[in-house]
Amino acid sequence: MTAVAPADLVLAIDVGGTTIKAEITEASGAVVGSGLVATPVGEAAFDAMGELGAGLLAELPSAQRNRVARAAVVLPGIVDPARSLAVFSSNVGWRDVKVGNRFRDRWDIPVLIEHDVAVAGWAEWRYGAGRGCDDVCVLILGTGISGTLSVGGRLVRGAAGQAGEYGHIPVRHRDGLRCPCGNIGCVETVASGAAIARAYRARTGREISGAEAVFAALPTDPEARAVVDDAVAALAEGLLGIVHATCPELVVLGGGLAGAGTALTRSLQDRLTGLLRVAPAPRVVLGEFGARAGLVGAARYARAGVLE
(Lines give C-alpha, C1' and ligand atoms only; values in the text may rest on other atoms or scores of the structure.)
Protein backbone atom coordinates (compact mmCIF):
# COMPACT_ATOMS: atom_id res chain seq x y z
CA MET A 1 0.00 0.00 0.00
CA THR A 2 1.41 3.38 -0.99
CA ALA A 3 2.08 6.20 1.46
CA VAL A 4 -0.45 8.98 1.88
CA ALA A 5 0.41 12.50 0.75
CA PRO A 6 2.28 14.75 3.23
CA ALA A 7 -0.67 17.16 3.36
CA ASP A 8 -3.08 14.41 4.42
CA LEU A 9 -4.23 13.71 7.97
CA VAL A 10 -4.42 10.22 9.51
CA LEU A 11 -6.47 8.67 12.31
CA ALA A 12 -4.65 6.42 14.83
CA ILE A 13 -6.39 4.14 17.33
CA ASP A 14 -4.39 2.34 20.05
CA VAL A 15 -6.33 -0.28 22.01
CA GLY A 16 -5.13 -1.20 25.49
CA GLY A 17 -6.49 -3.39 28.23
CA THR A 18 -7.73 -0.35 30.18
CA THR A 19 -8.25 2.45 27.65
CA ILE A 20 -8.65 3.07 23.93
CA LYS A 21 -6.69 6.13 22.78
CA ALA A 22 -7.16 7.94 19.48
CA GLU A 23 -5.53 10.84 17.66
CA ILE A 24 -5.83 12.58 14.32
CA THR A 25 -2.43 13.93 13.30
CA GLU A 26 -0.61 15.84 10.61
CA ALA A 27 2.57 14.60 8.91
CA SER A 28 4.63 16.59 11.42
CA GLY A 29 3.01 14.65 14.26
CA ALA A 30 0.96 17.65 15.38
CA VAL A 31 -2.31 16.49 16.93
CA VAL A 32 -5.50 18.06 15.57
CA GLY A 33 -7.93 15.88 17.54
CA SER A 34 -7.70 13.32 20.34
CA GLY A 35 -9.92 11.18 22.54
CA LEU A 36 -9.87 8.44 25.14
CA VAL A 37 -12.48 5.96 26.37
CA ALA A 38 -12.45 2.96 28.70
CA THR A 39 -11.98 -0.39 26.97
CA PRO A 40 -15.14 -2.54 27.19
CA VAL A 41 -14.81 -6.29 27.64
CA GLY A 42 -15.08 -8.56 24.62
CA GLU A 43 -16.31 -7.69 21.16
CA ALA A 44 -17.99 -4.56 22.51
CA ALA A 45 -14.52 -3.02 22.40
CA PHE A 46 -14.80 -2.83 18.62
CA ASP A 47 -18.00 -0.82 18.87
CA ALA A 48 -16.17 1.57 21.22
CA MET A 49 -13.31 1.92 18.73
CA GLY A 50 -15.79 2.74 15.96
CA GLU A 51 -17.60 5.31 18.10
CA LEU A 52 -14.39 6.98 19.22
CA GLY A 53 -13.04 7.32 15.69
CA ALA A 54 -16.38 8.54 14.31
CA GLY A 55 -16.65 11.13 17.06
CA LEU A 56 -13.20 12.56 16.37
CA LEU A 57 -13.86 12.73 12.64
CA ALA A 58 -17.21 14.45 13.21
CA GLU A 59 -15.55 17.13 15.36
CA LEU A 60 -13.24 18.23 12.53
CA PRO A 61 -14.14 21.16 10.28
CA SER A 62 -15.22 19.86 6.87
CA ALA A 63 -12.00 21.05 5.19
CA GLN A 64 -9.91 18.97 7.61
CA ARG A 65 -12.30 16.00 7.54
CA ASN A 66 -11.78 15.74 3.79
CA ARG A 67 -8.02 15.55 4.34
CA VAL A 68 -8.15 12.40 6.54
CA ALA A 69 -6.80 9.86 4.10
CA ARG A 70 -6.32 6.67 6.16
CA ALA A 71 -6.62 5.16 9.62
CA ALA A 72 -4.70 2.49 11.52
CA VAL A 73 -6.07 0.49 14.44
CA VAL A 74 -3.51 -1.36 16.57
CA LEU A 75 -4.76 -4.22 18.73
CA PRO A 76 -3.37 -6.28 21.62
CA GLY A 77 -3.03 -10.05 21.73
CA ILE A 78 -2.77 -12.09 18.54
CA VAL A 79 -3.62 -10.25 15.33
CA ASP A 80 -3.82 -11.48 11.73
CA PRO A 81 -3.62 -8.34 9.56
CA ALA A 82 -3.74 -10.31 6.29
CA ARG A 83 -7.19 -11.70 7.18
CA SER A 84 -8.24 -8.58 9.12
CA LEU A 85 -8.82 -10.80 12.14
CA ALA A 86 -8.41 -10.08 15.85
CA VAL A 87 -7.48 -13.63 16.80
CA PHE A 88 -7.26 -13.46 20.59
CA SER A 89 -6.83 -11.05 23.49
CA SER A 90 -6.80 -12.46 27.01
CA ASN A 91 -6.75 -8.99 28.61
CA VAL A 92 -9.79 -7.62 26.74
CA GLY A 93 -11.53 -10.95 26.21
CA TRP A 94 -12.16 -11.42 22.49
CA ARG A 95 -11.49 -14.33 20.18
CA ASP A 96 -11.64 -14.58 16.37
CA VAL A 97 -13.31 -11.23 15.76
CA LYS A 98 -13.52 -10.46 12.05
CA VAL A 99 -12.68 -6.79 11.67
CA GLY A 100 -13.23 -6.79 7.92
CA ASN A 101 -14.62 -3.51 6.64
CA ARG A 102 -16.44 -2.47 9.83
CA PHE A 103 -14.17 0.56 10.40
CA ARG A 104 -13.83 1.42 6.73
CA ASP A 105 -17.61 1.47 6.34
CA ARG A 106 -18.04 3.50 9.54
CA TRP A 107 -15.36 6.10 8.84
CA ASP A 108 -15.40 6.07 5.01
CA ILE A 109 -11.60 5.85 4.76
CA PRO A 110 -9.16 2.94 4.22
CA VAL A 111 -8.19 1.30 7.53
CA LEU A 112 -5.16 -0.83 8.43
CA ILE A 113 -5.01 -3.13 11.46
CA GLU A 114 -1.87 -4.41 13.17
CA HIS A 115 -0.47 -5.72 16.43
CA ASP A 116 0.03 -2.90 18.95
CA VAL A 117 3.52 -3.86 20.13
CA ALA A 118 4.74 -4.63 16.60
CA VAL A 119 3.78 -1.10 15.58
CA ALA A 120 5.12 0.52 18.78
CA GLY A 121 8.47 -1.27 18.45
CA TRP A 122 8.70 -0.46 14.75
CA ALA A 123 8.12 3.22 15.52
CA GLU A 124 10.87 3.28 18.16
CA TRP A 125 13.25 1.53 15.77
CA ARG A 126 12.55 3.58 12.65
CA TYR A 127 11.68 6.99 14.08
CA GLY A 128 12.64 6.98 17.76
CA ALA A 129 15.61 5.91 19.83
CA GLY A 130 16.66 3.20 17.38
CA ARG A 131 16.70 5.24 14.19
CA GLY A 132 19.83 4.81 12.13
CA CYS A 133 20.58 1.35 13.64
CA ASP A 134 19.96 -1.87 11.69
CA ASP A 135 20.01 -4.33 14.61
CA VAL A 136 17.70 -3.29 17.44
CA CYS A 137 15.69 -5.06 20.12
CA VAL A 138 12.78 -3.02 21.50
CA LEU A 139 11.20 -4.04 24.81
CA ILE A 140 7.80 -2.61 25.69
CA LEU A 141 7.54 -2.86 29.48
CA GLY A 142 4.24 -2.48 31.26
CA THR A 143 1.47 -4.79 32.43
CA GLY A 144 3.13 -7.36 30.18
CA ILE A 145 6.47 -7.54 28.40
CA SER A 146 6.90 -7.94 24.66
CA GLY A 147 8.65 -6.15 21.85
CA THR A 148 10.21 -6.31 18.42
CA LEU A 149 13.47 -7.36 16.84
CA SER A 150 15.09 -5.78 13.81
CA VAL A 151 17.98 -7.64 12.19
CA GLY A 152 19.98 -6.41 9.23
CA GLY A 153 17.65 -3.48 8.73
CA ARG A 154 14.49 -5.62 8.58
CA LEU A 155 11.71 -6.08 11.10
CA VAL A 156 11.47 -9.76 12.10
CA ARG A 157 7.93 -11.14 11.67
CA GLY A 158 7.12 -14.66 12.84
CA ALA A 159 4.78 -17.25 11.37
CA ALA A 160 1.89 -15.74 13.35
CA GLY A 161 2.72 -12.31 11.92
CA GLN A 162 4.61 -11.04 14.95
CA ALA A 163 7.66 -11.88 17.01
CA GLY A 164 8.90 -10.68 20.37
CA GLU A 165 7.02 -12.46 23.17
CA TYR A 166 9.98 -11.83 25.47
CA GLY A 167 7.80 -11.84 28.55
CA HIS A 168 7.09 -15.55 28.15
CA ILE A 169 10.70 -16.74 28.18
CA PRO A 170 11.04 -18.86 31.37
CA VAL A 171 13.87 -17.69 33.64
CA ARG A 172 12.81 -19.08 37.04
CA HIS A 173 12.26 -22.75 36.25
CA ARG A 174 12.34 -24.26 39.74
CA ASP A 175 10.99 -21.69 42.17
CA GLY A 176 9.10 -19.28 39.93
CA LEU A 177 5.48 -18.25 39.89
CA ARG A 178 3.00 -19.68 37.44
CA CYS A 179 2.42 -17.35 34.50
CA PRO A 180 -1.07 -16.85 33.00
CA CYS A 181 0.33 -18.49 29.85
CA GLY A 182 0.69 -21.75 31.83
CA ASN A 183 4.46 -21.91 32.21
CA ILE A 184 6.47 -21.42 35.39
CA GLY A 185 8.77 -18.47 36.01
CA CYS A 186 8.33 -16.44 32.81
CA VAL A 187 10.06 -13.05 32.65
CA GLU A 188 6.66 -11.36 33.10
CA THR A 189 6.19 -13.04 36.50
CA VAL A 190 9.26 -11.17 37.79
CA ALA A 191 9.80 -8.04 35.71
CA SER A 192 6.40 -6.71 34.60
CA GLY A 193 4.86 -3.73 36.35
CA ALA A 194 2.35 -5.91 38.18
CA ALA A 195 5.07 -8.38 39.21
CA ILE A 196 7.33 -5.66 40.64
CA ALA A 197 4.51 -4.21 42.74
CA ARG A 198 3.44 -7.70 43.88
CA ALA A 199 6.99 -8.65 44.88
CA TYR A 200 7.40 -5.45 46.91
CA ARG A 201 4.17 -6.10 48.80
CA ALA A 202 5.24 -9.67 49.51
CA ARG A 203 8.67 -8.60 50.83
CA THR A 204 7.47 -5.72 53.00
CA GLY A 205 3.84 -6.37 53.82
CA ARG A 206 3.20 -2.76 52.76
CA GLU A 207 0.74 -1.58 50.15
CA ILE A 208 2.13 0.34 47.19
CA SER A 209 0.38 1.97 44.25
CA GLY A 210 2.42 0.27 41.56
CA ALA A 211 5.84 -0.37 40.05
CA GLU A 212 6.46 3.34 39.52
CA ALA A 213 6.32 3.84 43.29
CA VAL A 214 8.85 1.03 43.77
CA PHE A 215 11.27 2.74 41.40
CA ALA A 216 10.69 6.08 43.14
CA ALA A 217 11.66 4.47 46.47
CA LEU A 218 15.03 3.16 45.18
CA PRO A 219 17.24 5.89 46.72
CA THR A 220 16.08 5.23 50.28
CA ASP A 221 14.47 1.76 50.42
CA PRO A 222 16.70 -1.36 50.30
CA GLU A 223 13.63 -3.57 49.81
CA ALA A 224 12.73 -1.63 46.67
CA ARG A 225 16.32 -2.07 45.45
CA ALA A 226 16.15 -5.83 46.01
CA VAL A 227 12.90 -6.13 44.06
CA VAL A 228 14.15 -4.04 41.13
CA ASP A 229 17.47 -5.90 41.05
CA ASP A 230 15.58 -9.20 40.76
CA ALA A 231 13.40 -7.79 37.96
CA VAL A 232 16.42 -6.51 36.05
CA ALA A 233 18.15 -9.88 36.47
CA ALA A 234 15.12 -11.62 34.96
CA LEU A 235 15.06 -9.18 32.04
CA ALA A 236 18.76 -9.71 31.37
CA GLU A 237 18.50 -13.51 31.58
CA GLY A 238 15.55 -13.46 29.20
CA LEU A 239 17.53 -11.39 26.71
CA LEU A 240 20.64 -13.58 26.69
CA GLY A 241 19.42 -15.93 23.97
CA ILE A 242 18.30 -13.06 21.75
CA VAL A 243 21.61 -11.24 22.20
CA HIS A 244 23.67 -14.35 21.41
CA ALA A 245 21.52 -15.23 18.40
CA THR A 246 21.30 -11.81 16.75
CA CYS A 247 23.86 -9.47 18.42
CA PRO A 248 21.70 -6.34 18.48
CA GLU A 249 23.66 -3.12 18.83
CA LEU A 250 20.88 -1.49 20.80
CA VAL A 251 18.19 -2.45 23.31
CA VAL A 252 15.44 0.18 23.55
CA LEU A 253 13.15 0.22 26.60
CA GLY A 254 9.67 1.59 26.02
CA GLY A 255 6.25 1.42 27.63
CA GLY A 256 5.09 2.65 31.01
CA LEU A 257 7.98 1.21 33.05
CA ALA A 258 10.52 3.05 30.92
CA GLY A 259 9.53 6.06 33.00
CA ALA A 260 11.94 4.67 35.61
CA GLY A 261 14.68 6.18 33.43
CA THR A 262 18.36 5.58 34.10
CA ALA A 263 17.58 3.52 37.21
CA LEU A 264 16.41 0.87 34.78
CA THR A 265 18.70 1.37 31.77
CA ARG A 266 21.95 1.48 33.78
CA SER A 267 21.01 -1.56 35.85
CA LEU A 268 20.12 -3.60 32.77
CA GLN A 269 23.25 -2.44 30.94
CA ASP A 270 25.44 -3.49 33.87
CA ARG A 271 23.69 -6.84 34.24
CA LEU A 272 24.03 -7.70 30.55
CA THR A 273 27.68 -6.65 30.52
CA GLY A 274 28.35 -8.91 33.51
CA LEU A 275 26.62 -11.92 31.97
CA LEU A 276 27.86 -11.81 28.37
CA ARG A 277 31.14 -13.51 27.53
CA VAL A 278 30.98 -14.07 23.76
CA ALA A 279 28.49 -11.67 22.21
CA PRO A 280 29.12 -7.94 22.74
CA ALA A 281 26.79 -6.22 25.17
CA PRO A 282 24.29 -3.96 23.40
CA ARG A 283 23.74 -0.41 24.54
CA VAL A 284 20.55 -0.01 26.59
CA VAL A 285 18.64 3.23 26.07
CA LEU A 286 15.21 4.66 26.78
CA GLY A 287 12.67 4.90 24.00
CA GLU A 288 11.73 8.35 22.79
CA PHE A 289 7.96 7.82 22.71
CA GLY A 290 7.36 6.17 26.09
CA ALA A 291 3.76 5.14 26.69
CA ARG A 292 2.74 6.94 23.46
CA ALA A 293 4.70 4.56 21.23
CA GLY A 294 1.55 2.71 20.15
CA LEU A 295 -0.24 5.89 19.07
CA VAL A 296 2.84 7.33 17.38
CA GLY A 297 3.42 4.02 15.61
CA ALA A 298 -0.21 3.72 14.51
CA ALA A 299 -0.08 7.19 12.96
CA ARG A 300 3.23 6.46 11.24
CA TYR A 301 1.88 3.14 9.98
CA ALA A 302 -1.29 4.76 8.65
CA ARG A 303 0.87 7.28 6.83
CA ALA A 304 3.43 4.83 5.43
CA GLY A 305 1.03 1.98 4.65
CA VAL A 306 3.61 -0.68 5.50
CA LEU A 307 5.97 -1.73 8.32
CA GLU A 308 9.45 -1.68 6.83
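In the legends below, Ala, Val, Leu, Ile, Met, Phe, Trp, Tyr, Cys and Pro count as nonpolar, Asp, Glu, Lys and Arg as charged, and the others, Gly among them, as polar. The structure shown is a predicted model.

**Figure 1. The second largest pocket and the classes of its lining residues.** The residues that line the second largest pocket divide into seven nonpolar, two polar and five charged. About 270 Å³ of space lies in this second largest pocket. Its lining is made by 14 residues, of which L177, T189, V190, A199 and D230 lie nearest the centre of the pocket. The elements giving two or more residues to this lining are α5 (188-191), α6 and α8 (222-246).

**Figure 2. The largest pocket and its lining.** The space in the largest pocket comes to about 1500 Å³. This largest pocket is lined by 48 residues, and those closest to its centre are N91, G142, T143, G144 and I145. Helix α6, which covers residues 193-204, gives the most to the lining of the largest pocket, contributing four residues. When the lining of the largest pocket is sorted by class, 18 residues are nonpolar, 22 are polar and eight are charged.

**Figure 3. The open sheet of five strands.** Five strands form an open sheet in the order β3-β2-β1-β4-β8, and the pairing within this sheet is mixed. Its edge strands are β3 (31-38) and β8 (111-115), each of which pairs on one side only. On average, and with direction ignored, neighbouring strands of this sheet are turned by 15 degrees against each other.

Figure 4. Strand β1 (residues 9-15) pairs with strand β2 (residues 19-25) in the antiparallel sense, over six bridges. Helix α4, made of residues 116-127, packs on the sheet and touches β1, β4 (68-75) and β8, and the direction of α4 makes about 90 degrees with that of β8. Helix α10, made of residues 293-304, also packs on the sheet, where its contacts are with β1, β2, β4 and β8; the direction of α10 makes about 140 degrees with that of β1.

Figure 5. Strands of a sheet pair through backbone hydrogen bonds, in either a parallel or an antiparallel arrangement. On the side of β3, the pairing with β2 is antiparallel and extends over seven bridges, and I20 has V37 of β3 as its bridge partner. The hairpin of β2 and β3 has five residues between the strands, and in this hairpin G29 takes a positive phi near 95 degrees.

**Figure 6. The open sheet of three strands.** The strands of this open sheet follow the order β5-β6-β7, with antiparallel pairing. The edge positions are taken by β5 (78-80) and β7 (94-98), each of which pairs on one side only. From one strand to the next, the twist averages 5 degrees. Strand β5 is joined by three bridges to strand β6 (residues 85-89), and these two strands run antiparallel. Within this pair, D80 stands opposite L85 in β6.

**Figure 7. The protein chain as a whole.** The secondary structure of the protein chain comes to 10 helices and 13 strands. Along its principal axes, the C-alpha trace of the chain spans about 60 × 40 × 35 Å. A compact globule with 308 residues would have a radius of gyration near 19 Å, and the 20 Å of the protein chain agrees with this expectation.

Definitions and conventions:
Residues are numbered from 1 along each chain as its sequence is written. This is a predicted model: local features need pLDDT of at least 70, side-chain atom pairs count only at pLDDT 80 or more; totals for chains, interfaces and linings use all residues. Side-chain values use heavy atoms; hydrogens and water are left out. On a 1 Å grid over the protein atoms alone, a cavity is a set of points where a 1.4 Å probe fits but cannot get out, and a pocket is an open set with protein on both sides within 12 Å along at least five of seven lines; lining residues have an atom within 4 Å of a point. Grid points are joined across faces, edges and corners, and a volume is the space filled by probe spheres set on the points. Two strands pair if DSSP finds at least two bridges between them. Axes are lines fitted to C-alpha atoms, for helices over the stretch in contact, and angles run from 0 to 180 degrees between N-to-C directions. Contact means heavy atoms within 4.5 Å. The radius of gyration is taken over C-alpha atoms; the globule rule is 2.2 Å times the number of residues to the power 0.38.
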